[in-house]
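Me: I am new to this structure and would like to go through it by question and answer. Please show it first.

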Amino acid sequence: MNSPLAKWLGTLLEWLFRIALAAVFLMAAVPKLLDPATFAKDIVNYRVTLPLIGQGYVFLAAMFMPAFELVGALALLAPRWKRAGSMIIGGLLIVFTILIAQAVIRGLNIDCGCFGRVGVSLALAQKVGLFKIIENIGWIAMAAFVFFRSAPPRAQREHALREGD
């Protein structure tokens with residue numbers, strides 16, 4: 001499977017996935033960074049309370065989550081940081097999918113809040129549901145592809161381990 005065609009196809013897919021993930025997360029981050037109060041209301045709609053602090057995490061999450069999305073998206077576009085970017089984006093997607101799944105299980109009929117509520121992002125708004133979960137699993141698979149493909153080659157890892165001894 002190390003034919004030139006397979007390498008070329010892998011590189012093409014990696015670039016396509018990186019660009020797609022970065023574009024989606026940039027579109028998601030910017031409106032939420034511009035209007036964190038509305039994003040906080042979207043988080044409250046999920047009705048998740050944490051032990052000891054209840055919903056005291058909401059405003060911190062509304063401020064930092066879009067920043068993580070922005071950093072992850074920008075890191076995906078930088079070849080040196082693509083592995084870290086895919087890890088950030090994949091981790092965020094796992095959290096989002098868990099939140100959406102619990103909302104679906106509880107029968108909550110809410111917008112996902114994925115793209116904020118400013119301008120064009122309203123057109124991208126979606127209700128939570130099975131389709132959104134399946135969509136997120138696809139995005140997670142793309143992030144995993146970039147993460148594993150960006151791993152250093154085996155010889156480089158073994159050299160780094162020997163140097164560490």
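This is a predicted model: local features need pLDDT of at least 70, side-chain atom pairs count only at pLDDT 80 or more; totals for chains, interfaces and linings use all residues.

Me: What percentage of the residues in the protein chain is buried?
Reply: A residue counts as buried when its relative accessible area is under 20%. The protein chain has 165 residues. The buried share of these is 36%.

Me: What share of the contacts with a separation of 6 or more joins residues 24 or more positions apart?
Reply: A contact here means heavy atoms within 4.5 Å. Among contacts in the protein chain with a separation of 6 or more, the share from residues 24 or more positions apart is 70%.

Me: How far does helix H5 reach from its first C-alpha to its last?
Reply: Helix H5 covers residues 130-149, which is 20 residues. At 1.5 Å a residue, 28 Å is expected. The span in the model is close to that, at 29 Å.

Me: Which helices do the buried residues of H5 pack against?
Reply: The buried residues of H5 include Lys132, Ile133, Trp139 and Val146. Asn136, Met142 and Ala143 are also buried in H5. The buried residues of H5 pack against helix H1 (4-34), helix H3 (58-77) and helix H4 (82-105).

Note on methods:
Residues are numbered from 1 along each chain as its sequence is written. Side-chain values use heavy atoms; hydrogens and water are left out. Buried means under 20% relative accessible area, exposed over 50%, partly exposed in between (1.4 Å probe, protein chains only). Helices (H or I, at least four residues) and strands (E, at least two) are DSSP runs, numbered from the N terminus. The expected span of a helix is 1.5 Å times one less than its number of residues.
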